[in-house]
Amino acid sequence: MSDLPEQLQEKVQSARQACAEFDNGTVYLEWEAVDRVDLDGDLYLDWVLNERGFACSTAASLYCGTGGCMSHFLVHDKVYSLLNQGWDLADLGLSKVLLADVHGSQCGGINPTPCAAASIWDSEEKKWRTTAAEWE
């Protein structure tokens with residue numbers, strides 16, 4: 001935890017506070033809470049904090065719900081958060097593509113409706129780019 005960047009330590013502190021407010025619980029971070037991956041294609045490992053790896057001793061589902069769990073992606077000193085039911089990275093040409101299994105409402109359905117988001121980091125604009133495909 002001491003290696004975790006300050007921006008992500010703030011997220012952990014918020015989780016600790018929420019858990020403590022719920023019957024004086026204690027937060028535990030499981031192995032899947034932190035990932036180190038290259039999100040922006042610069043060949044350096046970035047940080048990801050996954051709330052699916054958070055556990056509160058006094059609440060079974062404090063950090064996740066039917067829409068999934070928040071993942072916090074730290075790129076160039078800024079945190080970008082996304083509610084998801086799982087994510088992975090894929091190489092597409094020279095780009096790294098963040099693929100996320102998201103809530104079905106983002107595809108015009110309900111929770112069990114299959115839905116995915118694909119995002120690419122724009123290094124020039126310093127932001128994620130994504131779109132809803134227009135299928136014919």
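Colleague: Why is strand S3 (residues 46-50) described as largely enclosed by the rest of the structure?

Modeller: Happy to explain, with the reminder that this is a predicted model. Buried means under 20% relative accessible area. Five of the five residues of S3 are buried, so the strand counts as largely enclosed by the rest of the structure.

Colleague: And how do you know which residues cover each face of S3?

Modeller: Asp46, Val48 and Asn50 lie on one side, with Trp47 and Leu49 on the other. Every one of these residues is buried, so both faces are covered.

Colleague: What makes S2 (residues 34-37) and S3 a pair?

Modeller: Two strands pair if there are at least two bridges between them. S2 and S3 have four and run antiparallel; within this pairing, Asp35 has Val48 as its bridge partner. S3 is also joined to strand S6 (residues 68-75) by four bridges, again antiparallel, and there Asn50 stands opposite Ser71.

Colleague: Let's turn to the pockets. What classes of residue make up the lining of the largest pocket?

Modeller: Its lining has nine nonpolar residues, three polar and no charged ones. Ala and Cys count as nonpolar, and the lining includes Cys107, Cys115 and Ala116. Strand S10 (residues 116-122) gives the largest share, three residues. The space in this pocket is about 280 Å³.

Colleague: How many charged residues line the second largest pocket?

Modeller: One, alongside seven nonpolar and four polar residues. Arg counts as charged, and Arg129 is among the lining residues. This pocket holds about 160 Å³ of space, and strands S7 (78-84), S9 (95-101), S10 and S11 (127-130) each supply at least two residues of its lining.

Conventions: Residues numbered from 1 in each chain as written. Predicted model: local features only at pLDDT ≥ 70, side-chain atom pairs only at ≥ 80, totals over all residues. Heavy atoms only, no water. 1 Å grid on protein atoms, 1.4 Å probe; cavity = no way out; pocket = protein on both sides within 12 Å on 5 of 7 lines; lining within 4 Å. Points joined across faces, edges and corners; volume = space filled by probe spheres on them. Buried < 20%, exposed > 50% of the residue type's maximum accessible area, 1.4 Å probe, protein only.
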